[in-house]
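Reader: I am new to this structure, and I would like to understand the words used to describe it.

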Amino acid sequence: MYICICKGVTDTAIHEAVYNGADRMRDLKSCLGVTEQCGICATNVQEVLEQALMQRSLASNFFSKPTRLNEKLA
Ligand code: FES
């Protein structure tokens with residue numbers, strides 16, 4: 001889904017940017033150009049950014065913490 005119409009930025013592009021290290025609005029602005037023209041997308045970009053950061057955090061916790069299965073295999 002398009003989040004920033006002016007720059008043609010989708011929610012997928014924002015998630016990819018966060019996966020690759022972006023974690024602030026200014027990061028998304030510099031790498032994707034969001035909010036640089038009309039700025040109407042700012043609220044929605046922020047919302048997608050927060051979702052993506054939460055997913056990144058959950059994924060990193062999931063893959064970094066040992067599970068009981070991992071403990072049994074070790
Ligand atoms: S919709 Fe993003 S700058 Fe206009």
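Reader: What do the buried residues of helix 1 pack against?

Author: This is a predicted model, in which local features need pLDDT of at least 70, side-chain atom pairs count only at pLDDT 80 or more, and totals for chains, interfaces and linings use all residues. Residues are numbered from 1 along each chain as its sequence is written. The buried residues of helix 1 pack against strand 1 (2-4), strand 2 (9-10), helix 2 (25-32) and helix 3.

Reader: Which residues of helix 1 are called buried, and which are called exposed?

Author: A residue is buried if 20 or more other C-beta atoms lie within 10 Å of its own, exposed if 12 or fewer, and partly exposed in between, with C-beta atoms placed from the backbone. I14, A17 and V18 are the buried residues of helix 1. Seen down the axis of helix 1, these fall within an arc of 100° (taken from the directions from the helix axis to the C-beta atoms), so they line one face of the helix. T12 and Y19, on the other side of helix 1, are exposed.

Reader: Why are helix 1 and helix 3 called oblique to each other?

Author: The axes of helix 1 (residues 11-19) and helix 3 (residues 42-64) cross at roughly 45° and come within 9 Å. Angles under 35 degrees count as roughly parallel, over 145 as roughly antiparallel, 65 to 115 as roughly perpendicular and the rest as oblique. Helix 1 and helix 3 are therefore oblique.

Key. Axes fitted to C-alpha atoms, helices over the stretch in contact; angles between N-to-C directions. Helix = DSSP H or I, 4+ residues; strand = E, 2+ residues; numbered from the N terminus. Contact = placed C-beta atoms within 7 Å.
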